[in-house]
Amino acid sequence: MGRVDRQRPPTRVPDRPGDPRPHAVVIGAGFGGLAAAVRLGARGYRVTVLEKLDAPGGRAFVFRQDGFTFDAGPTIITVPHVFEELWTLAGRRMSDDIDLRELDPFYRISLADGRFIDVCRDEDEMRARVEALFPGEGAGFVRFQAECRRLCDLAFLGQGDRPMHDPLGMAKLAPDLLTHGALRSVHGLAAKYVRDPGLRAILSFHPLLIGGNPFATTAVYALIPELERRWGVHFAMGGTGALVKGLAGLIAGQGGTLCCGNEVDEIVTSGRRAVGVRLASGETVAADLVVSNADPGWTYGHLLRRTDRRRWTDRRVARARYSMSLFVWYFGTDRRYEDVPHHSILLGPRYRGLLEDIFRRGVLADDFSLYLHRPTATDPALAPPGHDAFYVLSPVPNLAAGIDWEAAAEPYRRRIEAHLSATVLPGLERSVVTSRVVTPPYFRDSLNTPLGAGFSLQPLLTQSAWFRPHNRSEELERLYLVGAGTHPGAGVPGVLCSAKILDAVVPHADAIR
């Protein structure tokens with residue numbers, strides 16, 4: 001169902017022999033690659049961004065169909081200043097290009113028993129709402145929030161935009177992390193402060209936003225609620241794609257080039273140095289340095305498949321623990337659901353059991369927990385007049401589970417549709433006028449992520465900070481990595497911080513002329 005805009009032809013990779021600036025090639029135009037390009041452009045490089053898809057965005061790709069606009073991936077912006085820095089580096093103001101709206105409440109979280117809470121920014125109001133829904137738990141909620149605040153100061157503000165190449169740096173950080181419960185899981189940290197199982201679920205679901213199991217993800221990532229509280233939850237009018245378009249405009253304004261429809265097949269080396277890339281077409285593009293926004297598993301396992309690797313060997317890449325994948329249904333309705341908020345989290349009847357099915361057993365369960373996105377609650381222009389645009393996301397096992405998605409996708413979509421129709425979107429089956437489904441093979445085939453993982457590596461303690469692929473490659477000189485699979489991790493703030501780390505590890509263009 002639905003008509004999709006036609007694909008555009010590849011953008012030609014330009015040759016600029018008269019430009020004396022050192023040349024940086026960026027592989028991939030996700031948020032990490034686009035942010036890296038802006039930062040490199042500000043430091044004197046001529047930048048070429050090479051993107052496999054026919055438009056920039058990566059996980060933040062945009063689907064346009066039957067008059068509806070759908071953000072394919074991230075929809076929650078929590079730390080706007082990490083974007084504002086990029087506009088400042090390019091000599092512009094973000095507000096000139098982006099209309100960023102703060103949302104309050106942030107989102108509605110519903111439990112399977114019908115109870116729900118609207119999460120807002122005001123701490124006193126949140127305590128009152130928690131106490132009203134979960135009598136006797138208000139004080140524990142406040143203590144949990146205080147711990148989230150300390151973790152944010154320690155891990156995000158203290159280390160989130162700094163290189164983690166030296167194991168001594170990790171060792172110095174370890175005592176503070178251990179003091180604040182790094183050996184606990186996020187759910188374990190919530191359980192330390194509150195007793196009600198429903199409230200524990202509400203306080204611990206956030207690792208799913210970055211690909212982690214709340215029962216296994218280190219408690220360090222309990223910093224996410226503090227990111228929301230401290231800087232707010234925001235939405236860019238026009239959708240997240242407006243931010244992608246804005247960053248692409250900054251690159252063009254710096255004299256950089258974004259070449260879509262050009263897949264990189266291999267990183268070209270000379271000795272132990274990256275000296276360019278070879279495209280799937282066979283064309284070679286020379287570079288003074290290379291930045292890969294591809295998944296580290298793809299970078300090391302495919303783009304460097306003919307390079308002798310000392311740390312990120314094929315065996316190590318294969319043994320890494322990758323995140324779950326995602327089933328996403330994008331749909332438009334011929335009516336508006338005015339009572340449905342912009343963001344909704346619909347928790348299913350099982351919490352721990354469902355997560356075990358997804359992360360450990362590799363089972364496509366009959367029940368699910370869902371994230372429902374209704375951007376037309378804030379920006380009606382994303383759908384025709386009188387219509388609503390939605391996507392509903394369900395965490396599912398990655399491709400290691402061996403699920404036949406050709407057979408499973410439509411029955412699974414129908415189950416989700418029936419559930420939504422019976423709960424928050426009455427009459428949905430009769431109202432859908434456009435539809436599109438994304439399953440785990442999309443992440444493998446279109447985004448080159450191992451096992452179709454939605455968020456690259458899981459945010460486990462043994463896959464965080466120094467243990468994560470470094471932003472300055474351990475394998476080659478003048479090869480750098482950014483994106484969800486590198487330090488500091490997945491999520492829009494983490495991805496943009498991975499690009500900021502380049503300022504500390506990439507030499508200024510003047511130093512390599």
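Predicted model: local features only at pLDDT ≥ 70, side-chain atom pairs only at ≥ 80, totals over all residues.
Residues are numbered from 1 along each chain as its sequence is written, and side-chain values use heavy atoms, with hydrogens and water left out.

The structure holds six cavities of 30 Å³ or more, a cavity being a set of points, on a 1 Å grid over the protein atoms alone, where a 1.4 Å probe fits but cannot get out. The volume is the space filled by probe spheres set on the points, which are joined across faces, edges and corners, and for the second largest cavity this space comes to about 160 Å³. This second largest cavity is lined by 19 residues, of which Val119, Met126, Phe141, Gln145 and Pro225 are the closest to its centre; lining residues have an atom within 4 Å of a point. Two or more lining residues come from each of strand 6 (107-110), helix 4 (123-133), helix 5, helix 8 (197-204) and helix 9 (224-231), where helices (H or I, at least four residues) and strands (E, at least two) are DSSP runs numbered from the N terminus. By class, the lining comprises twelve nonpolar, two polar and five charged residues, with Ala, Val, Leu, Ile, Met, Phe, Trp, Tyr, Cys and Pro counted as nonpolar, Asp, Glu, Lys and Arg as charged, and the others, Gly among them, as polar.

Gln145 belongs to helix 5 (residues 138-159) and is buried, with a relative accessible area of 12%; buried means under 20% relative accessible area, exposed over 50%, and partly exposed in between (1.4 Å probe, protein chains only). Leaving aside residues up to four places away in sequence, Gln145 touches Pro225 and Arg229, contact meaning heavy atoms within 4.5 Å.

Arg229 in turn forms a salt bridge with Glu123, the closest N and O atoms being 3.6 Å apart, and this pair links distant parts of the chain, with Glu123 in helix 4 and Arg229 in helix 9, 106 residues apart. A salt bridge is a side-chain nitrogen of Lys or Arg within 4 Å of a carboxyl oxygen of Asp or Glu. Arg229 is buried at 17% relative accessible area, while Glu123 is partly exposed at 37%. Both residues belong to a network of salt bridges that also links Arg149, Asp153, Glu226 and Arg230.

Notes
1 Å grid on protein atoms, 1.4 Å probe; cavity = no way out; pocket = protein on both sides within 12 Å on 5 of 7 lines; lining within 4 Å.
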